[in-house]
Amino acid sequence: MLLYSTLDRHHRATFLEAVARGIPPGGGLYLPKKLAPLPGQLLTQDTPLPFPEIAYLIARSMLDGEIPDHELQAICEDAFAFPLPLRQLDDTLAALELFHGPTLAFKDFGARFLGRMLAYQRRGMKRETIVLVATSGDTGSAVASGCAGIDGIRVVLLYPEGKVSRIQELQLTAVAANVETVRVQGTFDDCQRMVKGAFADPTVTRALALTSANSINIARLLPQVFYYVAAWRQVNADDRGVIFAVPSGNLGNLTAGLMARAMGLPVKRFLAATNINDVLPEYLRTGVYRPRPAQSTLSNAMDVGDPNNISRITALFDENLESMRACIGAESRTDDDTRAAIANAFARYRYVFDPHGAVAYSVADRYRERHDPGAKFVVLATAHPAKFPEAYGGDLQHVIPLPDQLRGLADRPRQVLPMRARYEDLKALLMA
Ligand SMILES: *Cc1c(COP(=O)(O)O)cnc(C)c1O
């Protein structure tokens, strides 16, 4: 697979180079130069295939020999060894449960694949690779878990103090030998700025082998392409077309869906659902991209004021706003809307969405009512509701089962390093 940079169309990297670097040398983001069409058998044949097999078939076609088949197959089987249920809630609406991995959020897909790709890429190298991540909650624990125990990898995680849930914090700070967790006195955008500072600092990048694991790393995006295909195969029983509702923050999930569509997946429309951090809906409405500081909400993993995948999305549409509008509908929801959506889904279906999935459910439900009652809707349920007990009243808290992944979490040893929101402090830690 050859990739280019959104800032330099002539730049070229192989997949493994892009994985190792995270970000192209001159800035920008990596995107595949050509998106290989999906293997035909995935779009025509309706025999059920296990998810790791679907993943392998797509990865093999995209990577085009860069990793030997048997290695790639083993990586897919190991990375995606957890269930991916599609819950049909009524005739036209289903929830794709992406939260059955070790940290109970969809980010496990990308992080586990990335961890294994890094391990493959750095085999035989002497210098350790540092995975540097800013997290608004779920990324950090997914990356830490996805890279835990992988030889030669040191993970440095930054998260904003007071901006993640109690359970997210427990997950983030539970000790793994090769993971350092940093609690920054600032916002997620501060964390992201500090991480970007390190990548832009030649003293650091010359001395250390740094890579990113945010949704900016291309290895994080690929597995997200796989599950759109897997979901489509299950719901596309007739020709009504599938509409995906995507809870959106940094727009990695949406970008992967758009890539799947560009590879031939027949998707009718994407509904990008944000909380009040509504930079994308505003951009699609006005044509003006106006980044701003993030505001805290119930769906905190979507509290993003300057979504880092926006340049991938505009590149996929050749900067054409009209074609973006034709394919993506974007809407925002308040915390009150989110609570109402959680209550509504429970009353209707006895189904509990987490606050992120609930934002997408709310957008999907209204779109269905107003515009397209006949289409099939898949809401991406991005996190397990048990991660966000503070979002539910007592009545609902009781019906949420405690997943195995959370048992005993509060008793694990933990370690965290407080830090001011200053790049110099991060640099000192990295260079120490
Ligand atoms: C990260 C996250 C999102 C947002 O996904 P993006 O790819 O950043 O748009 C939504 N829901 C949950 C639970 C998340 O962890």
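Predicted model: local features only at pLDDT ≥ 70, side-chain atom pairs only at ≥ 80, totals over all residues.
**The cores.** Start by selecting Phe 15, Phe 113, Phe 226, Tyr 227, Tyr 228, Phe 244 and Ile 328, which touch the most other members of the largest nonpolar core, a set of 96 residues. Next, show helix H10, residues 218–235; with 13 residues, H10 supplies the largest share of this core. Then centre on Phe 244. For the second core, which is separate and has 42 residues, select Phe 99, Ile 167, Ala 345 and Ala 383, which are among its members.

**The open sheet.** Colour six strands in the order S4-S5-S13-S10-S11-S12; they form an open sheet with mixed pairing. At the edges are S4 (86–88) and S12 (328–332), each pairing on one side only. From one strand to the next, the twist averages 25 degrees. Back at S4, look at its antiparallel pairing with S5 (residues 93–97), which runs over three bridges. Leu 86 has Leu 96 in S5 as its bridge partner.

**The β-α-β unit.** Select S7, helix H7 (residues 166–173) and S8, which make a right-handed unit. S7 (residues 153–160) and S8 (residues 179–185) are parallel, with six bridges; Val 155 is partnered by Val 179 in S8. Finish on S14 (residues 417–420), which pairs with S8 in the parallel sense over four bridges. Here Arg 183 stands opposite Pro 418.

Definitions and conventions: Residues numbered from 1 in each chain as written. Heavy atoms only, no water. Core = buried A, V, L, I, M, F, W, Y, C linked by side-chain atoms within 4.5 Å. Buried < 20%, exposed > 50% of the residue type's maximum accessible area, 1.4 Å probe, protein only. Helix = DSSP H or I, 4+ residues; strand = E, 2+ residues; numbered from the N terminus. Pairing = 2+ DSSP bridges. Right-handed = clockwise from strand over helix to strand, strands pointing away. Axes fitted to C-alpha atoms, helices over the stretch in contact; angles between N-to-C directions.
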